[in-house]
Amino acid sequence: MSTDKPHARIVDGEEGKRIRYNADGPRTEQYDLQQIPRLNVTQEMLLNSGDDPETWLMYGGGYRQQRFTTADAITPENVGRLSLEYLIEVPKEQRGKLEGTPIVVPSDPPIMYQTNAPDVLRAINARSGEILWTYQFAPEEQEKPPLLCCGSNNRGVAILGDTLYMTTLTADLVAVDRYTGEQQWVYNSAPTGQGYTATWAPVVYKGSVLNGSAGGEYGVQGFIESVNAETGEREWRKSMLPPEQWIGDAWKNGAATNWMTVTVDPDTDTLYANVGNPGPDVNGIVRPGPNPYSDAVVALDANSGDVNWYFQEVQHDWWDWDASAPPVVFETEVDGEERKVVSHPGKTGWNYLLDAQNGKLYERSREFCEHLNMWYLPQDNLEDTPWIMPSADGGSEWNPTSYSRETGNIHVKAMNYPSKFQWDPVDGWEYPSTYLGGNFTVYPAMEDPGPPPEQWSQNLAIFSAVNPETGEVVWQEEWEHFSLGGSMSTATGLTFVGNGAGEFIAYDSASGERLWQYQFDASVNASPMSWYDPAVGKQYVAVQAGGGGLRSHKDGNEIGVFSLEA
């Protein structure tokens, strides 16, 4: 097991810089554009991304969001020799929270596209670590920064042809030339200055950019939409607040946003959306009924936006228990038959295994985090509400899971600490106040010492391998510090993940044994990825370490890339 930090070459990209300003304000810094090979990224390449060891062309590796690489140079037997190839430091003026996953185009050299808030996108020579250009979005009209519930984030980009697609904190979708870093067009998905924002990596499918909405704490209206990838024009939009299924006018500020990347099954042209809390978050009195499609996995026709089915993990939510993590699609044996399924770990602390065709629940797993006083309704003051687990943060929050095709397990990171909840009247609410309908706090808070040790382990995060078919928790490791972000599994039986203490770890996927680790200077609350470079015979693994998350243990500004020769 390697724990020492090797020598790292720091790349700052300053030498030979040229600065260009697009007509509407964004800044592009160009360094060495000649290093980017001309290669048209086709729909066929996107379809094969989850199986091609030389690529990682979308946020979850492939459309089904399995976060699994078929690259096989790094194995349980040799992972101890995995070493740091290079380290990139993000400049302070271009640093928000680092929670994203880069993508890599399989050219010679391979080109990485990496993002972080505030709305920064970079092209990097993935072999050498040289920064080739940097783009930073600047909205045309913005009197003051957008209101954000949970920090300044950007989790990645989509790609098609010679264009990259990135969401922005002002709820814009931008198209950027991947060779030059110059902006092509801007699509505004929602009115600026009304609480909407965007932080997820979009998905490109059949010439359309699949997009959505965030801002669920500000009385917004959640939606899923499709935007033409060439022109930036809207093709369809589906509200996640069907008025006919809500009571009265509660839907008008009902939230139900999908603030993480959607999943696509290309075999059936189905989009699986992860939809968050109803609004207001805590006061359920003003929105009677189950509040569909909030806290649900929603299956839509990717061509039309029509809803095929939905599975609601929490009806009439009072605890902010979103269904926020990206769903994962795969095939497995259920009741003696091979079936296509959707696996989704919720903020509730359970994984749900659903039939991909109709949403039928096959299995709710054992708990992968601790539960305490669950379903206890908020009171009108914090003191009269007991500590409740999962907290308002979850459970599994936005943390993307990985699916190991080798073991059949999913690997999920969960928060493991309690909250207290209090509901308040919402009479007279007006934006820009948050539309919470109350208050919640998370441990540690007030002067309350929290649940005693016999009720709670006191560890703030848990990483688990879960068999989605049986619901069994196969193995777990508990961590002391707050930890967000996701994992990645490999064809050789490894699972990579980072934690709040700054440890970047390779586990044996089957047993949970730690086989390797690297110590960053900041919390690793991002999600790793990998690719194989045949020209040099190396497999690479990349992850961002910059803190991030709701309650980061330690902030920083590093992108680490590791390698091992085949």
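1. Strand E27, residues 410-415, and strand E30, residues 461-466, are paired in the antiparallel sense over 6 bridges. Strands (E, at least two residues) and helices (H or I, at least four) are DSSP runs numbered from the N terminus, and two strands pair if DSSP finds at least two bridges between them. Within this pair, His 411 stands opposite Ala 465 in E30, and Ile 410 stands opposite Val 466 in E30.

2. The model is a predicted one, in which local features need pLDDT of at least 70 and side-chain atom pairs count only at pLDDT 80 or more, whereas totals for chains, interfaces and linings use all residues. Residues are numbered from 1 along each chain as its sequence is written, and side-chain values use heavy atoms, with hydrogens and water left out.

3. Is E27 mostly covered or mostly exposed? Of its 6 residues, 6 are buried, and E27 is thus mostly covered; buried means under 20% relative accessible area, exposed over 50%, and partly exposed in between (1.4 Å probe, protein chains only). In a regular strand the side chains alternate between the two faces of the sheet. Both faces of E27 are covered, with Ile 410, Val 412 and Ala 414 buried on one side and His 411, Lys 413 and Met 415 buried on the other.

4. E27 also pairs with E26 in the antiparallel sense, over 2 bridges. Here Tyr 403 stands opposite Ile 410 in E27. The hairpin of E26 and E27 has 6 residues between the strands, and Gly 408 there takes a positive phi near 80 degrees.

5. These pairings belong to an open sheet of 4 strands in the order E26-E27-E30-E31, with antiparallel pairing. Its edge strands are E26 (402-403) and E31 (473-479), each of which pairs on one side only.

6. Tyr 310 lies in strand E21, residues 307-312. Because its relative accessibility is 32%, Tyr 310 counts as partly exposed. Leaving aside residues up to four places away in sequence, Tyr 310 touches Gln 245, Pro 292, Tyr 293, Ala 296, Val 297 and Val 298, a contact being heavy atoms within 4.5 Å. Tyr 310 and Pro 292 are 18 residues apart along the chain, and their C-alpha atoms are separated by 8.5 Å.

7. His 371 is placed in the loop between strand E25 (361-364) and E26. Not counting residues up to four places away in sequence, His 371 touches Thr 348, Gly 349, Trp 350, Met 389 and Pro 390. Between the C-alpha atoms of His 371 and Arg 81, which are 290 residues apart along the chain, the separation is 39 Å.

8. For the whole chain, the secondary structure comes to 1 helix and 38 strands. The radius of gyration is 22 Å, close to the 24 Å that the globule rule gives for 566 residues, so the chain is as compact as a globular protein of that length. This radius is taken over C-alpha atoms, and the rule is 2.2 Å times the number of residues to the power 0.38. Taken along the principal axes, the C-alpha atoms fill a box of roughly 60 × 55 × 50 Å.

9. Buried residues make up 65% of the 566 residues in the chain. Among contacts between residues at least 6 apart in sequence, 62% join residues at least 24 apart.
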